[in-house]
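Please keep the sequence and the model in view while reading.

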Amino acid sequence: LLSEHKLDLPPRVFETQAVLLTVPETWRRRALDYSLDFGGGLHAVEHSLIAALPVQVLCDRWDLGGLSTLAHPQVAAPCIFVYDGYPGGVGLATKGLELLADWIETAWEMVRTCECQDGCPACIHSPKCGSRNQPLDKQACQMILAAARQQTVKKLNLAKQGVFISARPGNRESPGRESPMVLPVADLPKKGGTPMHLLVFDLETKYSAADVGGWGYASRMGMSLGVVYDHTQEAFSTYREEATQQLIQHLLSADVVVGFNIDKFDLTVLSPYSPHVERVRTLDIISDVYQALGYRLSLNHLALHTLGREKTAEGLQAIAWYQQGRWEELESYCREDVAITRDLFFFGLQYGYLLYEKRGMILKIPVNWKGRFPDLKTPGKFAHPSAET
């Protein structure tokens, strides 16, 4: 900055068209938890969206204007406007709204791949910023774009490709829960022209790890109840301990059984009931997460950031329900865990990654579940370009 000079010019006022993006209060609190400048993040997102729209729409960044604010009086929430810089509007903002998922994806990739530390003209600085590019916070910008990208990918891209997710009303304090993401049977990977027989499985135990001497003795914990989702039938089946043999036969009938820690926990719990348990063909989500990251993440963490859902209870509560004979609550809880595991698998199968949070940013975990079965052919609708983070 060499110098500043006041200009005596009248303000330019005109009506136009704009895209308005409101930002949840939870995102602001998350930024504050990590000591990020949330206002600077909004400002940086505004700049990145203006820079990214010309990639999607035939225009120049000088054709656009923007505004970001922590509390707009007519919106009652932090928000970002991107508007047409011409009286009456020329359809740029409208087209941006139609391409919102791709627009946000472009902005995210532009900011994510830039090698600068704190922001530069290649990512979040603007040559036409009226506040001299202050304040700007690149980390907060990445956090906001990652969260926005997660929502738009689920709600827009999936709908475009024929996989529909209906959002249930949530509140401003926590993410709204999503209805299950269920793929038609015909869209499953195929084996010899026939959809593969896929099951999703989870069980609850009679005893806790503390009761049997530690997690190394999971085989002593006993199954209280197991739930299987059979995608060929699009139905759940529930098995109590006395029906364990029927459960194991059901698992053995599948081409693959998807689970979360199924290899080292669920099948270990089942092992005393039958020597054939080791023949069950599995896909263990937690094992793939560990291979990609070098550490484990909980089912609740992955569900929250990938699906916008949370578990309804924990394992110790399930044991208490068993001991109290409250089978209805126990079955409902186990079914919900199976549904979450199923939806995580379908999301990873569709896009090749899951989402998790680290240091305030939503990042990708690559999962190559299509490549896990080289003899299976996946319909083209599962193709989705993704970049590893």
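A pocket, as the word is used here, is an open set of grid points where a 1.4 Å probe fits, with protein on both sides within 12 Å along at least five of seven lines. The model examined here is a predicted one.

## The second largest pocket

By this definition, the second largest pocket has a volume of about 670 Å³. Its lining is made up of 29 residues, and those nearest the centre are Trp215, Phe265, Lys311, Gly315 and Tyr333. Which kinds of residue form this lining? The residues divide into 15 nonpolar, seven polar and seven charged.

Several elements each supply at least two residues of the lining, namely β6 (198–205), α6 (209–212), α8 (262–270), α10 (299–307), α11 (315–323) and α12 (327–351). The largest share, five residues, comes from β6.

## The chain as a whole

The chain contains twelve helices and twelve strands. It has 389 residues, of which 51% count as buried. Among contacts between residues at least 6 apart in sequence, 68% join residues at least 24 apart.

Helix α10, one of the elements that line the pocket, is mostly covered, since seven of its nine residues are buried. The buried residues are Leu299, Asn300, Leu302, Ala303, His305, Thr306 and Leu307. Just after this helix, Gly308 takes a positive phi of about 75°.

In the loop between α9 (285–293) and α10 lies Arg296. With a relative accessibility of 42%, Arg296 counts as partly exposed. Although Arg296 and Ile286 are ten residues apart along the chain, their C-alpha atoms are separated by 6.6 Å. When neighbours within four places in sequence are left aside, Arg296 is in contact with Asn261, Lys264, Ile286 and Tyr290.

## A buried residue in a loop

Val57 belongs to the loop between α2 (38–56) and β2 (64–69). Is Val57 buried or exposed? Its relative accessibility is 10%, and residues under 20% count as buried, so Val57 is buried. Not counting residues up to four places away in sequence, Val57 touches Leu92, Lys95, Gly96 and Leu99.

## Aromatic rings

A search of the whole structure finds seven aromatic pairs. In one of them, the ring centres of Phe345 and Phe346 are 5.9 Å apart and the planes stand at 50°, so the pair is tilted. In another, Phe347 and Tyr353 have ring centres 5.7 Å apart and planes at 80°, so this pair is edge-to-face.

| Residue | Relative accessible area | Class |
|---|---|---|
| Phe345 | 3% | buried |
| Phe346 | 1% | buried |
| Phe347 | 1% | buried |
| Tyr353 | 2% | buried |

Ring pairs also link Phe345, Phe346 and Trp369 into a cluster. Charged side chains lie over aromatic rings as well. Lys364 lies over the face of Tyr353, at 4.5 Å from the ring centre, and Arg240 lies over the face of Trp327, at 4.0 Å from the ring centre.

## Backbone features

Most residues other than glycine have a negative phi, and most peptide bonds are trans. Some places in this chain depart from that pattern. Ser35 is not a glycine, yet its phi is positive, about 60°. Ser35 follows helix α1 and lies in the loop between α1 and α2. Its relative accessible area is 67%, so Ser35 is exposed. Within α1 (residues 25–33) itself, Glu25, Thr26, Trp27, Arg30 and Ala31 are buried.

Arg132 also has a positive phi, near 60°, and is a residue other than glycine. Arg132 is located in the loop between α4 and α5. With a relative accessible area of 45%, Arg132 is partly exposed.

Which residues does a cis peptide bond join? The bond lies between Gln134 and Pro135, and its omega is about -10°. Pro135 is placed in the loop between α4 (100–113) and α5 (138–160).

Key:
Residues numbered from 1 in each chain as written. Predicted model: local features only at pLDDT ≥ 70, side-chain atom pairs only at ≥ 80, totals over all residues. Heavy atoms only, no water. Phe/Tyr/Trp six-rings, centres within 6.5 Å; stacked < 30°, edge-to-face > 60°. Buried < 20%, exposed > 50% of the residue type's maximum accessible area, 1.4 Å probe, protein only. Lys NZ or Arg CZ within 6 Å of the ring centre and 35° of its normal. 1 Å grid on protein atoms, 1.4 Å probe; cavity = no way out; pocket = protein on both sides within 12 Å on 5 of 7 lines; lining within 4 Å. Points joined across faces, edges and corners; volume = space filled by probe spheres on them. Helix = DSSP H or I, 4+ residues; strand = E, 2+ residues; numbered from the N terminus. Nonpolar A, V, L, I, M, F, W, Y, C, P; charged D, E, K, R; others polar. Contact = heavy atoms within 4.5 Å.
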